[in-house]
Amino acid sequence: MPDAGPVIDGGQEPNCGGCSASQICVLDRCESPCPCPTGQRCNTAGTFCEPGCWTSEDCAESQSCLDDQCQDHQCQVDTHCPEGQLCREQLCREPECETDTDCAESARCDERFCREIGEAPCAADGDCGHGQRCSSYGLCYGGDCLVHGDCPRHQRCHLNRCLDRPTNEYGIQLERRFFEPVTSHYGAEPLGNIRASQMTGYGYGGGLFDMDGDHDLDLFLGTRHRVRVDVDPACLFENRSIPGSLRFVPVPGECEPHGSQDISSAFGLDLEGDGYDELVVLGDGYARLERFHPTRSSENLLDLLPEGDIRRTNCNLGAALPADLDMDGDVDLLLACQLNAFAIASAEEIYRTGVRAYPLEGATYFGCPPGEGCAYHRINMGLPNLSQTFFAQPGQEGPIDAEWDVLEMDVMRNFALFQVDGALVYEEDLIFQDSGATLAFGMVDMNDDGLLDFITANDSYMGLGLVKIHGRGDHLFIADEGPNRLVRYENGASINIVDDVGLTLATRNGTDLESWGTVVEDFDRDGDDDLYVTQGMIERVPISAWADHYDFMALQQDDGRFLILTDEVGVSVHDHQDSLDDTFVYSSRGTVKADLDLDGALDLLTVPFEGHVRLHAEVPLRDGPGARCTLVPRSRYVPTYGYGYAVAAQGTETWFRRDMQGQMRLGASPHVLSSATRGRLRFASGAEIAFDCRGQPGPVVVEEPNWIRWEAQVEGHSVFLHMPWYDGGQPVVRVALRQADGSSRIVHASMDRTRFDIATNASDIQAMLQVDGRWIPRWFELPSP
């Protein structure tokens, strides 16, 4: 990560007495940052240098590493050594073994020295250390097993032991997984867990993305810094997991302390569409685009805002949406400014004048079809109660009505960065400058017209998910303070049915429940959408209110109502162990799903207000339905990142969009986790591509083919559509033609097999296609004659 001010450790003020420009201050000592000079090694966190060596590569050419120290070369052959010693790596050493049994179980005796085999690749047991076997995964292991496939079918592998697979009447069982250093990562709210005029209670988050293009998910974790508390710095972890064993390793140089800088969250994106993801890292007054391929680079995104823009120094960023906002085929970026001390103080100044105002309520921005003369039109999700907004003043209660003003503050306005010629640039666009303190973004086609609609979860709205309800269709679930919401849109208005399905969950023991993270998945594998929701308190008083909150799983029943479950399916209670505080219990924030170790079972990663990261993993059940499958989509025409896709199981026509997730301060997976091992993946363009995981967990790369081709004709243009998935007879194709001034008109295309002829004019420069009522959200450049 780039330098961001004075470097300190554990939230303490630096006291090094003048480090050089090439040094950092760690625990009141001046240290050299990694990479290290010859004769020194990077510490285990990969942040600074220390004496010693890990391998001979840390030493000079005339030295080798022995017992963690660089030692001068002593020999070339055995005869150069004293009697009884042998020459190995140019050092004289005592022999270690005569047979394999003289070595550790993971090693073999090779010319009288033990050669560590460890988890080496293997084809048979003989390739491994004595006492080891060759796993079905192709690695050597000790104990009962390495992966589930090493155990009998009625068992699973857990910590190298074969255990009986459990049963659960609800069709899903979770268990906590602990893996260093991720689940010990710790951040703390700067002002503690007290009610203070400058506290927002957002906590810290992170983000999932594929840094190195290897189709598994790497992880960034943010932090919050409290003075005199030993917090962990924001850190990037490379995924080196094997199925059933989560292993994340800090990336050298990417976990340095940043002092008091709030670096709280991150969101992945793939700007070039090359499979090597970039990362947008966010915090209070902090927004950087981090590139890792082909070379490492970093860009300050706040510098792209105009000079004098108050957001350059005072925007508290915590949500991002990579999306093709202008539908030109390139990834753009929408960023959210949330509450911080500056925004709260500014709001209090406004309230002192007697103004009754609330932040702009959350809404869905529906994409306007071509020809309507707009880009998006906004439909709100309904006004919150005063008890649900952070800006409620003492003594205020009841519903907000139309007589209230909307609180307009520039410091809370979202902003968009558009990709132009491969670079992100700021363009003034009032459509996207929502000023509601957006906590989460979502993007999905809500009205099935093919155009992607984007959603802002403002103020008290904190998590988003699209849920298909029995007999009622797709609804947007919104995690909220007090009653949650479950809405659909009809005739320009939102219809909330949350009470009908049992997901209101407004209070417990008189406490307004605050719901944050949201995950949609078919947890019990019955074909229906279910929910996993995290909750957590902000204010410290009363203490009992913290324990009233709980994370839960909501399983959809045949009648469309939801059954709320916690410990029945293995969801952990909120306790003091994970909060690391004797006074208040754990308080969850965002949560995301993925199969992090690609073992065919989902993982639920939850970040807190403060404390440790939690990981709940799905346990393979006896007589269960088999592995879930990770799909890695490769879009061609409409760039998306973990949203915009739909999955239909083989033999069905029901499409599920479970991967549309909006999380506060936590970037969700770009991959699609499918409960069906065979089926079709629908891209945002409408292309439907069959996939077959063959009963395995994947990852399976699903590439969108080149199925749209434009040609200029003597009179007009033709478009060739190769749609092998289309079996509806003759499709109806309409085309929107756009001129240089932005005006457009819609014409019908005449069909000749796969060719569609379009009557264009010389002034037409771009075209958008509609196939059987669904637009392809992309303006194609018309080729010249």
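The chain has a mean pLDDT of 87, pLDDT being the predictor's confidence in each residue, from 0 to 100; 92% of its residues reach 70 or more. This is a predicted model, in which local features need pLDDT of at least 70 and side-chain atom pairs count only at pLDDT 80 or more, while totals for chains, interfaces and linings use all residues. Residues are numbered from 1 along each chain as its sequence is written, and side-chain values use heavy atoms, with hydrogens and water left out.

- Over residues 193–198 the pLDDT stays under 50.
- Where pLDDT is low, the predicted coordinates should not be read in detail.

**Domains**
- The chain is divided into domain 1 (34–80), domain 2 (100–164), domain 3 (174–667) and domain 4 (708–781), with bounds from an automatic or database domain assignment.

**Interface of domain 2 and domain 3**
- The C-alpha centres of domain 2 and domain 3 lie 41 Å apart.
- Domain 2 contributes 10 residues to the contact and domain 3 contributes 8 residues.
- About 820 Å² is buried between domain 2 and domain 3 (accessible area, 1.4 Å probe, that two parts lose on being put together, summed over both), and carbon and sulfur atoms give 55% of this area.
- Within domain 2, Tyr 137, His 148 and Arg 156 lose the most area to domain 3, together 49% of what that side buries.

**Salt bridges**
- Between domain 2 and domain 3 the count is 2 salt bridges (a side-chain nitrogen of Lys or Arg within 4 Å of a carboxyl oxygen of Asp or Glu).
- Arg 247 forms a salt bridge with Glu 119, and their closest N and O atoms are 2.6 Å apart.

Key: Contact = heavy atoms within 4.5 Å.
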